[in-house]
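Biologist: I am new to this one. Can you take me through a few of its parts?
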Amino acid sequence: ATASGSDITRDGPSPTTRDQNPDEAELPAFFVTAMDLAPEEHVKVQAAIQRWVDSSISKTCNLPNEYTVEQVGKLYEYMYDLGCKGGTVYRDGSRDEQVLMLKSDESQKPAPAASDNGKPIEQTSTPHRVYPRPKRLAGVTVSRKTPFGTAFITMNSDEFGNPFEVFITVGKAGSDLQAEAEGLGRMISLQLRTTAPQNRKDMLKLVVDQLQGIGGSRVVGLGPSRVMSLPDAVAGALMEHYFPPPTEQQLNLPLINGTLTPPAHAAEEKHEAHTNGVPAHGVISGADMCPECKTFSLIRVEGCRKCIVCGYSEC
């Protein structure tokens, strides 16, 4: 072993220190780096340590860029054969940013993305790549009722249908409300433009989960159409456009002469469902969702909204 900053070893002066070889550009043959090892050699290193460890351990196997899926599969089988309990692989260049970067690769990095005015986008403020906007995008504009009026939400997608940007217009131009709407649209767009195209729908789902259910001082609509704020309206529009509900399937009811025949006890259930004027399963026409028991049983009684299931009252 060589002491740091010294040329003294157990066998005497070492000929491999930087002080002894200031002009050497390459390491000696007995020094190797992670990129010098073959993938199978990475596995052998982990297997040698795994033999003496009861718990599962993992070591990253650095793979060349041209490594195929089939080769990765064989590599995991090799881990299993050597007794490894787990393993991790990383293919060089599979991400825009990575920990290990060869100096020879730096010259092959893509040129920085250009903005609309032709100037490169500054990358020092964020570690993510900001994807440039194509000259042409297709999208739709929908209108949504909000507590502050009708909002017009434009959702543009790339050629593969992945979401790319969002524009929100509500209220008068120059108003504080329109400024907040524009800021919300810009932040959603920036989040999408810093995400790889194949992952943008997953990212948008996370954005929708954060915006859904945000409440304000006023609401508009009832039941599924209830909108509690501008962010809630935007989340609903994004969900409806990019994550539509599955189509309804026909129920497996018995057919007689080509017509649907309800079960014999359906009439009795329908009669029992409206006992005392309250439909079954907590579904009441014109009722809103109760914030306490989460059933649609909140109705207006004697000038106040009350829940006929749990007794909650807004008064």
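Biologist: Which exposed residues are on the other side of H4?
Modeller: Asp176, Glu180, Arg186 and Met187 are exposed there. Exposed means over 50% relative accessible area, buried under 20%, and partly exposed in between, with a 1.4 Å probe and protein chains only. This is a predicted model: local features need pLDDT of at least 70, side-chain atom pairs count only at pLDDT 80 or more, and totals for chains, interfaces and linings use all residues. Residues are numbered from 1 along each chain as its sequence is written, and side-chain values use heavy atoms, with hydrogens and water left out.
Biologist: And which residues of H4 are buried?
Modeller: Gln178, Ala181, Leu184, Gly185, Ile188, Ser189 and Leu192. They cover an arc of only 130° around the axis, so they sit on the same side of H4. The arc is taken from the directions from the helix axis to the C-beta atoms.
Biologist: What do the buried residues of H4 pack against?
Modeller: Strand S7 (163-169), helix H5 (200-211) and helix H6 (230-242). Contact means heavy atoms within 4.5 Å. Helices (H or I, at least four residues) and strands (E, at least two) are DSSP runs, numbered from the N terminus.
Biologist: Now H5. Which of its residues are buried?
Modeller: Arg200, Leu204, Val207, Val208 and Leu211. Their arc is within 100° seen down the axis, so they line one face of H5. Asp202, Leu206 and Gln210 are exposed on the face turned away.
Biologist: What comes after H5?
Modeller: Glycine 213 follows H5, with a positive phi near 85°.
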